[in-house]
Amino acid sequence: MAIQHNYGQVNREYAMRLATTAPTHDGPILMVNLMRYHERAHYADGDDRGISGKEADDRYSPIEVLHDIGATVVLFGDVETQLFGQPTWERIGCVEYPTRRSFIEMQSRRDFQEKHEHKAAGMAETIVLGCVPITLPALADELAAIDWADIEHPPTPNDGPIVVMHVIRFSDDVGEQGMDGYHDAAFRVAARHGARIGGWYNVEGTIIGDGRMWDQVRFNLFPSKAAFRAVVADPDRQAAQREHRERAIADTYALIVRTMINRLPGAR
């Protein structure tokens, strides 16, 4: 049974790299999924089964398969607000596989293939990025130590913690180093409002996508949406964005995610 990926372009070169990485050089890989759904499910026989595309993806949910191969769902949630980028994504899912090879070998399991028909029916478009963690700035530990009870906009029953996800392609001329000046200002502001670094990752490759290449995925945690808005509105941060961040980034998504599962390193 061959899996049909009708929701994005498969990067066969990266797929081969995942499949042929030597065991001595292999290891955990985080697969970051950005998902957009059909309004109604599109099954191969033309029947929508009376469900939406998102409901079809809910039926896909291969939790048992992931458990069998030692994979862990690290983050799962709905996109509440998209600040930058097109198309508009609806849901984010991140799974850590024990090895690159385990991700590829999963594709040939019959139980996975049987579930996959629901994903194929529900998904209109997706980007799947293979990611590895990067060393965090020294300030990450200081941010993590801030008590959310002591800040201006703590989490409340009506405005709880959010994850702000950035998918980034750096500009060729300024690049990642151009973000240093932005971080100096942004971290000072973020510390006052309880922001934390959930996890930053280099993109090793795009296994499914639209042909674009990406450099990093960053997850930042905020105690509330009000706290995030306060950081965004700060004049010092805005000035640093204009001077540094906008020049350093060639393309980006910025998504506010309300999570149902959050096992990011910075959330522990």
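When I say salt bridge, I mean a side-chain nitrogen of Lys or Arg within 4 Å of a carboxyl oxygen of Asp or Glu. Asp210 and Arg212 make one, with the closest N and O atoms 2.8 Å apart.

Housekeeping: this is a predicted model, where local features need pLDDT of at least 70 and side-chain atom pairs count only at pLDDT 80 or more, while totals for chains, interfaces and linings use all residues. Numbering runs from 1 along each chain as its sequence is written, and side-chain values use heavy atoms, with hydrogens and water left out.

There are 20 salt bridges here. One of them joins Arg91 to Asp78, at 3.2 Å, N to O. Arg91 sits in strand S4 (residues 91–97) and Asp78 in strand S3 (residues 72–84), so the pair ties together parts 13 residues apart in sequence. By the way, helices (H or I, at least four residues) and strands (E, at least two) are DSSP runs, numbered from the N terminus.

Is Arg91 buried or exposed? Buried, with a relative accessible area of 4%; Asp78 is partly exposed, at 26%. The cut-offs are under 20% for buried, over 50% for exposed, partly exposed in between, with a 1.4 Å probe and protein chains only. Both residues also belong to a salt-bridge network with Lys54, Asp57 and Asp58.

Now helix H1, residues 12–20: Tyr14, Ala15 and Leu18 are buried there. Looking down the axis, the buried residues fall within an arc of 105° (directions from the helix axis to the C-beta atoms), so they line one face. On the other side, Arg12, Glu13, Met16 and Thr20 are exposed.
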